Amino acid sequence: MMKKVVVLSSALLPFLISVPLLPGITWQSMGPSGGGNVMVSCYHPTEANTIFLGGDVSGVHKSTDGGANWRQVNTGLAASDETASAYGIMSIAISQSSPQTMFIGTWRGVFKSTDGGESWTLLMPSSPSGSDVLIGAVAVDPHDPQHVY
């Protein structure tokens with residue numbers, strides 16, 4: 001017996017969002033935009049309405065109003081001549097003791113922000129040879145943001 005598998009293209013999503021799936025329920029896109037998949041989410045430890053999302057090709061998105069609006073905060077993640085594959089955000093960690101200090105694990109290595117995720121600096125490339133090695137998880141010591149795992 002053969003089973004049918006239905007695969008929907010993401011190009012159909014805007015049409016599906018506008019169609020009520022159940023009586024009285026409709027869906028509305030709230031963002032973020034930019035394409036790709038959301039790989040990780042992280043809430044700010046002291047600002048309840050601040051949320052970060054990491055994507056595979058669209059980088060880091062930040063909302064400061066509980067998810068109603070989003071913007072990309074990718075300054076420092078990729079040079080202008082690099083492709084979107086330079087992002088690949090797999091993990092987001094915010095320091096509990098110094099919440100302006102954040103770290104992300106990416107396809108390219110570990111990046112650090114000291115301005116609440118507005119800009120990023122590469123701390124550790126994923127490999128000395130320059131080939132990509134997935135940094136799937138990052139954690140920050142809750143008492144000392146200088147200790148990153």
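Let's start with a pairing: isoleucine 51 stands opposite serine 63 in β3. Keep in mind that this is a predicted model.

**Strand β2 and its cover**
- Strand β2 covers residues 51-55, and five of its five residues are buried, so the strand is largely enclosed by the rest of the structure.
- Side chains in a regular strand alternate between the two faces of the sheet.
- Here both faces of β2 are covered: Ile51, Leu53 and Gly55 are buried on one side, with Phe52 and Gly54 buried on the other.

**The strands that pair with β2**
- β2 pairs with strand β1 (residues 38-43) through five bridges, in the antiparallel sense.
- One of the residues to look for here is valine 38, whose bridge partner in β2 is glycine 55.
- Strand β3 (residues 60-63) also runs antiparallel to β2, and four bridges join the two.
- β2 and β3 form a hairpin with four residues between the strands, and glycine 59 takes a positive phi near 80° there.

**Over at valine 138**
- You'll find valine 138 in the segment after β8 (121-125).
- Valine 138 has a relative accessible area of 10%, under the 20% cut-off, so it counts as buried.
- Leaving aside neighbours within four places in sequence, its contacts include Ser91, Phe103, Ile104, Val110 and Tyr149.
- Tyrosine 149 is 11 residues from valine 138 in sequence, with 5.6 Å between their C-alpha atoms.

Notes:
Residues are numbered from 1 along each chain as its sequence is written. This is a predicted model: local features need pLDDT of at least 70, side-chain atom pairs count only at pLDDT 80 or more; totals for chains, interfaces and linings use all residues. Side-chain values use heavy atoms; hydrogens and water are left out. Buried means under 20% relative accessible area, exposed over 50%, partly exposed in between (1.4 Å probe, protein chains only). Two strands pair if DSSP finds at least two bridges between them. Contact means heavy atoms within 4.5 Å.
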